[in-house]
Amino acid sequence: MSKLPAPLDRLPFPVIGSPLFIISNPKLVIAQCIAGVVGSMPALNARPAELLEEWLKEITETLAAYNAAHPDKPAAPFAINQIVHKSNDRLEHDMALCVKYKVPIIITSLGAREDINAAAHSYGGVVLHDIINNKHARKAIEKGADGLIAVAAGAGGHAGVKSPFALIQEIRQWFEGPLALSGSISTGAAVLAAQAMGADFAYIGSAFIATEEARAAQEYKDAIVANDSDEIVYSNLFTGVHGNYLAPSIRAAGLDPANLPESDPSKMNFGGASAKAWKDIWGCGQGIGSITKVQPAGEYVAQLKREYAAAKAQLLSHQYA
């Protein structure tokens with residue numbers, strides 16, 4: 001395991017809830033943090049841009065009040081995701097608010113910029129950058145990121161194709177800092193497996209869509225519960241970047257999941273058309289087969305903790321068999 005910087009060194013449980021485009025909101029973030037895992041959301045979920053300050057104020061004040069009332073069991077820190085891509089014309093505005101509210105963790109995606117990392121470091125924030133291969137991982141660290149999120153095959157939304165074994169092994173050959181693993185993780189046993197591979201944290205997204213606090217349509221949540229990895233489709237048609245999506249939502253849009261055309265990557269845009277794609281075409285990872293019900297985020301995290309403890313106990317019982 002890595003020697004982790006604050007605030008990552010005091011997480012109650014080694015899980016980071018991934019930022020869910022359109023879906024994550026203050027209610028979900030707060031519930032995740034109080035349950036003991038990092039809660040996160042994309043800055044772009046706050047629309048219009050002025051809403052972001054209201055949300056940051058709500059999150060910071062609510063968690064501060066909770067921590068004051070529960071000094072023996074404080075909440076986990078929260079994170080804000082910044083899309084570092086030329087199509088994001090809000091980046092500087094949103095990052096300035098993150099500095100103002102001293103957001104503990106910044107998650108950067110689709111590009112790495114030294115000035116964004118420096119802004120987070122100016123108040124003691126930690127930057128985690130998500131990557132899909134070893135080449136991008138090296139560039140992110142060279143530009144000042146503190147840690148990495150390895151987005152392996154099977155992750156929901158924009159995802160890579162590398163096996164988690166290959167990706168983690170390659171990164172750990174040269175990087176000893178904070179490392180999270182994303183890709184088909186939805187059980188406590190999978191969290192333990194991620195650590196056994198060399199990751200410090202599991203990065204979980206799709207399972208949190210099927211929680212009561214998530215700002216997703218009920219049909220979306222029900223589809224996650226009803227389906228498994230056979231209904232996950234990998235395509236770049238909808239945003240210009242390859243990602244994993246639920247086949248039922250593709251069929252509902254009048255398309256054949258088995259015969260989707262390729263898209264021009266230059267069409268990627270985190271505005272109108274892309275937002276509509278995420279709203280109508282549901283991002284989802286391959287790990288949904290174990291999700292059997294929609295429940296509060298806190299109950300799901302409690303379930304993860306029980307499964308994690310049971311998996312660890314089972315592993316220890318077979319250690320010398």
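How many cavities of 30 Å³ or more does the structure hold? The structure holds 1. The model is predicted: local features need pLDDT of at least 70, side-chain atom pairs count only at pLDDT 80 or more, and totals for chains, interfaces and linings use all residues. Residues are numbered from 1 along each chain as its sequence is written, and side-chain values use heavy atoms, with hydrogens and water left out.

**Cavity and pocket**

Rolling a probe the size of a water molecule over the atoms shows where empty space is left. The search here runs on a 1 Å grid over the protein atoms alone. A cavity is a set of points where a 1.4 Å probe fits but cannot get out. A pocket is an open set with protein on both sides within 12 Å along at least five of seven lines. Lining residues have an atom within 4 Å of a point. Points are joined across faces, edges and corners, and a volume is the space filled by probe spheres set on them.

The largest cavity has a volume of about 40 Å³. Its lining includes Val84, Thr108, Gly111, Ala112 and Arg113. Asn117, Val127, His129, Ala140 and Ala145 also line the largest cavity. By class, this lining has 5 nonpolar, 4 polar and 1 charged residues. Here Ala, Val, Leu, Ile, Met, Phe, Trp, Tyr, Cys and Pro count as nonpolar, Asp, Glu, Lys and Arg as charged, and the others, Gly among them, as polar.

The second largest pocket has a volume of about 270 Å³. It is lined by 16 residues, and the closest to its centre are Asn67, Ala75, Ala76, Pro77 and Pro104. The lining divides into 12 nonpolar, 2 polar and 2 charged residues. Helix H2 (residues 51–69) gives the most to this lining, with 5 residues. Helices (H or I, at least four residues) and strands (E, at least two) are DSSP runs, numbered from the N terminus.

**Salt bridges**

Side chains of opposite charge can pair when their charged atoms come close. A salt bridge is a side-chain nitrogen of Lys or Arg within 4 Å of a carboxyl oxygen of Asp or Glu. The structure holds 7 salt bridges, among them these:

| Salt bridge | N to O distance |
|---|---|
| Lysine 100 and glutamate 53 | 2.5 Å |
| Glutamate 92 and arginine 113 | 2.8 Å |
| Aspartate 115 and arginine 113 | 2.7 Å |

The side chains of lysine 100 and glutamate 53 meet in a salt bridge. This pair links distant parts of the chain: lysine 100 is in helix H3 (residues 91–100) and glutamate 53 in helix H2, 47 residues apart. Lysine 100 is exposed at 53%. Glutamate 53 is partly exposed at 26%.

Glutamate 92 forms a salt bridge with arginine 113. Glutamate 92 lies in helix H3 and arginine 113 in the loop between strand S4 (105–109) and helix H4 (114–121), so the pair ties together parts that are 21 residues apart in sequence. Glu92, Arg113 and Asp115 are linked in a network of salt bridges. Glutamate 92 is partly exposed at 46%, arginine 113 is partly exposed at 28%, and aspartate 115 is partly exposed at 43%. Arg113 also lines the largest cavity.

**Cysteines**

A disulfide is a pair of cysteine sulfur atoms within 2.5 Å. By this rule there are 0 disulfides. Cysteine 98 is in none; the nearest cysteine sulfur, that of cysteine 33, is 14 Å away. Cysteine 98 is buried at 0% relative accessibility. Cysteine 284 is buried at 1%.

Technical notes. Buried < 20%, exposed > 50% of the residue type's maximum accessible area, 1.4 Å probe, protein only.
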